[in-house]
Amino acid sequence: YEEGLVAFAVTNMSSLKSPENAKNVLAVGATSNPNCENHGSGGQGPTADGRRKPEIYAPGCSNRSAVPGSCSTSTMCGTSMACPAIPGAGLLVRQYFTEGFYPSGVANASDALVPSGALLRATLINGTFDMSGVNGYPSNREGWGRLVLDETLSFTGESRGMWVVDVRNADGLETGGVTEYPLQVSSSSEALKVTLAFTEPAATVGAADPVINDIDLELVAPDGASYKGNWFASGQSSTGGSFHGKNSVARVVLNAPLAGTWTLPVIAADVPARPQRSALAAGRARRPDLPAVDAAPAALPLPPHPPRPHPPHPT
């Protein structure tokens, strides 16, 4: 279902389990609360076939909610307390697009679009940050880190911008296909984050390796340096390395990107179940060592895509 997004609380036990190991869902872990820089609860990845899970975290400890009884409440700690925040944030992202806040930052009915589930996933993950209380980034413990929704959506009057592309099935890539996008970065004072997400076809139930299609992300700097999706060192993207090959999410994060024109190729390395749609979300984010922010980078507008109703769900 092209416009659907599913989130599962990961197990509170030590190792990742089913169903959060599914390749097209968001697997949600719990941060501590109020210190959201620390891991609170949630099993550690990767999946049995080597994919990165969990992907995203929300506060899940010292959360107060209803319990059985006479209007009683209680505080608990667990991923089930964290998970509702992620689809809740996903609904806000969906509203942002369907009410036409993109690209101007104010509601404009003529800009309204119905986002795919892949675009929702890319936008949410592009708003994640390294949890400083967890070693390594990204890691099998924290995935891509905790969500800060305000850092991925752009509104009028804010200095940081966002740019997205939502490619539907009919316009997807086939094996060997490449689509390149230009990105203009104004300065190195803010981190540059780019996230690719795609919704893969279903594999055979119980398959040891459920991965079918392989779409890769690359970001090429003005000086020609190449950064491959998911290849990280010391908490940010690094040159060299290899493409991820397995994950339906790929990211490039650079803390101090060069100013100038960047090139963003999306590469269909292997697409036996063709064509393969994908979505991209890019934006600038605050660097913790710099209190001020500069103007948002200029970027491509979204390709025309009129709103359309949900299709009838098949039996």
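This is a predicted model: local features need pLDDT of at least 70, side-chain atom pairs count only at pLDDT 80 or more; totals for chains, interfaces and linings use all residues.
User: OK, so how many residues of helix α3 are buried?
Analyst: Helix α3, which spans residues 117-125, is mostly covered, with 9 of its 9 residues buried. Those residues are G117, A118, L119, L120, R121, A122, T123, L124 and I125.

User: And how many of the chain's residues count as buried?
Analyst: Of the 315 residues of the chain, 50% count as buried. The accessible surface of the chain is about 13700 Å², and 55% of that belongs to carbon and sulfur atoms.

User: How many helices and strands are there?
Analyst: The chain has 3 helices and 17 strands. As for its contacts, among those between residues at least 6 apart in sequence, 72% join residues at least 24 apart.

User: Back to α3, at what angle does it pack with α2?
Analyst: Helix α2, residues 85-98, packs with α3 at an angle of about 110°, and their axes are 10 Å apart. Because angles of 65 to 115 degrees count as roughly perpendicular, α2 is roughly perpendicular to α3.

User: Is that crossing left-handed or right-handed, and which residues make the contact?
Analyst: The crossing of α2 and α3 is right-handed. On the α2 side the contact is made by I86, A89, G90, V93, R94 and F97, and on the α3 side by L119, L120, T123 and L124. Sorted by class, the contact has 7 nonpolar, 2 polar and 1 charged residues.

User: Switching topic, where is G283, and is it buried or exposed?
Analyst: G283 is found in strand β17, residues 278-285, and it counts as buried because its relative accessible area is 12%, where the cut-off is under 20%.

User: What does G283 touch?
Analyst: Not counting residues up to four places away in sequence, G283 touches N126, G161, M162, A191, L192 and K193. The C-alpha atoms of G283 and V185, which are 98 residues apart along the chain, are separated by 9.9 Å.

User: What about G136, where does that one lie?
Analyst: G136 lies in the loop between β7 (128-129) and β8 (146-147). With a relative accessibility of 45%, G136 counts as partly exposed.

User: Which residues is G136 in contact with?
Analyst: Leaving aside neighbours within four places in sequence, G136 is in contact with D130 and E142.

Note on methods
Residues are numbered from 1 along each chain as its sequence is written. Side-chain values use heavy atoms; hydrogens and water are left out. Helices (H or I, at least four residues) and strands (E, at least two) are DSSP runs, numbered from the N terminus. Buried means under 20% relative accessible area, exposed over 50%, partly exposed in between (1.4 Å probe, protein chains only). Contact means heavy atoms within 4.5 Å. Accessible areas come from the Shrake-Rupley method with a 1.4 Å probe; for residues, only the protein chains shown count as cover. Axes are lines fitted to C-alpha atoms, for helices over the stretch in contact, and angles run from 0 to 180 degrees between N-to-C directions. Angles under 35 degrees count as roughly parallel, over 145 as roughly antiparallel, 65 to 115 as roughly perpendicular and the rest as oblique. A crossing is left-handed if the near helix is turned anticlockwise from the far one by less than a right angle, and right-handed if clockwise. Ala, Val, Leu, Ile, Met, Phe, Trp, Tyr, Cys and Pro count as nonpolar, Asp, Glu, Lys and Arg as charged, and the others, Gly among them, as polar.
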